[in-house]
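Here are my notes on this one, written up as numbered points. Have the coordinates open while you read.

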Amino acid sequence: MSLPVRPAYVIYQWLWTGLDWLFPPNCGGCGVKGARWCAACQADAIVIQPPICIICGAINIVGEGQCFHCSNSRPSYSSLRSWALFKGSVRNAVHRLKYGKDVAMGEILSRPLIQIVSNQDWKIDLVIPVPLSVARKIERGYNQAALLARPISLATGWAYTPSALLRTRETASQVGLSIADRLINVSGAFEGNRIKLDKKNVLLVDDVTTSGATLMACSQALRLAGANEVYCVTLARAE
Ligand SMILES: [Zn+2]
Ligand SMILES: [Zn+2]
């Protein structure tokens, strides 16, 4: 399936072309002037290619198109796709998205995600970014996953509905935790809105996935609140 180009998205692209002309950007991957994402950084990105696990998108598959984890137990989401490995220029760009409040980075980095979702036969109703807690959002000023989710919604016409999923408690950093501990850490940290989610198919958007624990906790909350299918897309994947 390939999605039709929507007029609102075309206007949005014109706006960015104009802004880039007025305020020449520098590359989110390497800092070179003249582009928000340069050809060298694009070449440096390790884009994830098939064969991948048909469920979680992992690159290590063990027969029948599934990875070891998914063939043992299915995750709570329907499927997950990611654009590139969390390394080099991609890692730098994600860092800038996360800490630089860089809406322009969100626009350029959402493009491969729009391509990915257009190539799946996913029937989506709502686009939802993985939420930050209220305290974290106040501290940072914005949610980096939302910077990717908004342009996806604009390009596809799927409704941008961040209020359908809330993070109800702050979670400790996942860095250094095992997969099992990560799942425990984020379990029950999210709550879906029943009215908004009833029988809806959701596209959940995040910047990076490592173990998939956050996406699983979000999917559980979305399904508990009545969502039908939950599909996930992330910019990068840490292996
Ligand atoms: Zn670059
Ligand atoms: Zn898998």
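Which residue is the bridge partner of Leu85 in β7? Arg237 is the partner, and I come back to that pairing in point 2.

1. Ground rules. This is a predicted model, in which local features need pLDDT of at least 70 and side-chain atom pairs count only at pLDDT 80 or more, while totals for chains, interfaces and linings use all residues. Residues are numbered from 1 along each chain as its sequence is written, chains are lettered from A and ligands numbered from 1 in the order in which they are written, and side-chain values use heavy atoms, with hydrogens and water left out. Helices (H or I, at least four residues) and strands (E, at least two) are DSSP runs, numbered from the N terminus.

2. The sheet. Five strands make an open sheet in the order β1-β7-β6-β2-β3, with parallel pairing. β1 (79–85) and β3 each have a single partner strand and stand at the edges, so one side of each lacks a neighbour in the sheet. Pairing here means that DSSP finds at least two bridges between two strands. At the β1 end, six bridges join β1 to β7 in parallel, and the Leu85–Arg237 bridge from my opening question belongs to this pair of strands.

3. Strand β2. This strand covers residues 126–129. Leu126 takes part in both pairings: Val202 is its bridge partner in β6, and Ala159 stands opposite Leu126 in β3. As for side chains, Leu126 and Ile128 point one way, Val127 and Pro129 the other, and all are buried (under 20% relative accessible area; exposed is over 50% and partly exposed lies in between, with a 1.4 Å probe and protein chains only). In a regular strand, side chains do alternate between the two faces of the sheet.

4. Zinc ion (ligand 1). Its donors are the SG atoms of Cys27, Cys30, Cys38 and Cys41, at 2.3 to 2.4 Å. A donor is an N, O or S atom within 2.8 Å of the metal (3.2 Å for Na, K and Ca), and water is not among the atoms, so sites may look incomplete. The angles among the four donor atoms run from 105 to 116°, and the site is tetrahedral (four donors, all angles between 85 and 135 degrees). The donor spacing in sequence is C-x2-C-x7-C-x2-C. Is Cys27 buried or exposed? Cys27 counts as buried because its relative accessibility is 1%, whereas Cys30, at 47%, is partly exposed.

5. Zinc ion (ligand 2). Here Cys53, Cys56, Cys67 and Cys70 coordinate through SG at 2.3 Å. This site is tetrahedral too, with angles of 104 to 119° among its four donor atoms. The spacing reads C-x2-C-x10-C-x2-C. Both Cys53 and Cys56 are buried.

6. Helix packing around α5. The axes of α1 (residues 7–22) and α5 (residues 103–118) come within 12 Å and cross at roughly 135°. That angle makes α1 oblique to α5. For the cut-offs, under 35 degrees is roughly parallel, over 145 roughly antiparallel, 65 to 115 roughly perpendicular, and the rest oblique. α4 (residues 88–99) packs on α5 at about 135°, with the axes 8 Å apart, and this pair is therefore oblique as well. Axes are lines fitted to C-alpha atoms, for helices over the stretch in contact, with angles from 0 to 180 degrees between N-to-C directions.

7. Backbone spots to look at. Most residues other than glycine have a negative phi, and most peptide bonds are trans. Lys199 has a positive phi of about 60° without being a glycine; this residue lies in the loop between α9 (194–197) and β6 and is exposed, with a relative accessible area of 63%. Then there is the cis peptide bond joining Pro50 and Pro51, with omega about 5°. Pro51 is in the loop between α2 (39–44) and α3 (68–72).

8. A contact across the sequence. Glu229 sits in the loop between α10 (213–224) and β7 (230–237). The C-alpha atoms of Glu229 and Ser78 are 6.2 Å apart, with 151 residues separating them along the chain. Glu229 is partly exposed, at 26% relative accessible area.

Notes: Tetrahedral: all angles 85-135°; square planar, octahedral: opposite > 155°, others 65-115°.
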